[in-house]
Amino acid sequence: RREMSNDGASARDDAPDNSTWSALLKWSLSQQGKHDAEDAKDAPKARKFTDEERKWFYDAMASGLVDEVKKMKEDVEALRNAARGETTSEEDGERLEMVLEDLIERVENVDNAGDLHTIGGMEALIGTMKCSRASVRALAAEALATTTQNHPKAQKHALEEGAMGVLIEAAISDADDEVRGKVLFALSSLTRGCDDAQRAFSLGGGAVACAKLIGHDGAERVRVKALVLGKHVFTQSEGNMASAVEFGAIANAAKCLESADINCREAAARVLLDIARCVDFEKNPKAVDDFRNPATIARIAKTREMIAAMTDEGDASANAETKVALDALDAMFAGN
């Protein structure tokens, strides 16, 4: 990521010299040695710190903590300014990208992610999703994904600020594939392990959007992200499963088996197998038709043959999971 200027405190001119840091190291070693008699004998004698040096050390530590919060607040304020229409020039847009990149790095820390909402950061990120600059929208979605990933508190705050509706709308209508890929990442993070988010996803038409994006005719990374999300959400409820079947998830995933991308093929095979194992065929008769469709059967067979013909051990191993899933699908449908 690009480096941003840091307005926080820099090294003080009156900082102790290298001998002070050396003394600190020796003191640490001597303290550690006290837990072991032999080590204690060999530990260097620690120099006693003066009150001034001790104060400098504690002030430096406190300054670092304060600067972290201060910098996040500055980032959030920059996002608010952008949402108010104060970011118009190319230079402003690039500056905003740097702000978001900085914020993404900071919310990788679980404590910072949990605190983002308290300084208005969640609301600011969601507002930034409306920015006219695609690269900014993509970074805002990535920031939401990073913040909410495996973080129940952040997921709750994101839902309260209306993130689900904004993300689903972006997945459906945003014309930029980079944005769509990041949005699907954010939806995966937001719904993972969160019952409230999963319900909001279903009610908001998320499963429909996901099923359609598996058949996206643009960038392949969008299809892969949609497949990853679909594997997670389609089997969460009968409603999601019905939407997935109705809006072409089976046929679209089968087409993805023809991809040259190993990750896309594996994700497609996994989605197909999960649907086949979990769908209620009596309630969703279209699922039977789609799985038994000659085109679907042919794509499964062709991909199995391609993997079987691999002579390189590494290639065969990399495709092993895909082969297992396709073999299971072939056993379920090809002979019926």
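Aromatic pairs in this predicted model number 3, where rings of Phe, Tyr and Trp (its six-membered ring) pair if their centres lie within 6.5 Å, with planes under 30 degrees apart counted as stacked, over 60 as edge-to-face and the rest as tilted. Phenylalanine 281 and phenylalanine 291 make an edge-to-face pair, because their planes stand at 70° with the ring centres 6.5 Å apart. This pair links distant parts of the chain, since phenylalanine 281 lies in the loop between helix 16 (262-278) and helix 17 (285-292), and phenylalanine 291, 10 residues apart from it, lies in helix 17; helices are DSSP runs of H or I, at least four residues long, numbered from the N terminus.

Phenylalanine 291 also pairs with phenylalanine 333, and these rings are stacked. Here too distant parts of the chain are linked, as phenylalanine 333 belongs to helix 20 (residues 320-334) and is 42 residues apart from phenylalanine 291. Together, Phe281, Phe291 and Phe333 form one aromatic cluster.

| Pair | Centre to centre | Angle between planes |
|---|---|---|
| Phe281 and Phe291 | 6.5 Å | 70° |
| Phe291 and Phe333 | 4.5 Å | 5° |

Phenylalanine 281 is partly exposed at 25% relative accessibility, whereas phenylalanine 291 is buried at 0%, and phenylalanine 333 is buried as well; buried means under 20% relative accessible area, exposed over 50%, and partly exposed in between (1.4 Å probe, protein chains only).

Residues are numbered from 1 along each chain as its sequence is written. The model being predicted, local features need pLDDT of at least 70 and side-chain atom pairs count only at pLDDT 80 or more, while totals for chains, interfaces and linings use all residues, and side-chain values use heavy atoms, leaving out hydrogens and water.

Notes: Helix = DSSP H or I, 4+ residues; strand = E, 2+ residues; numbered from the N terminus.
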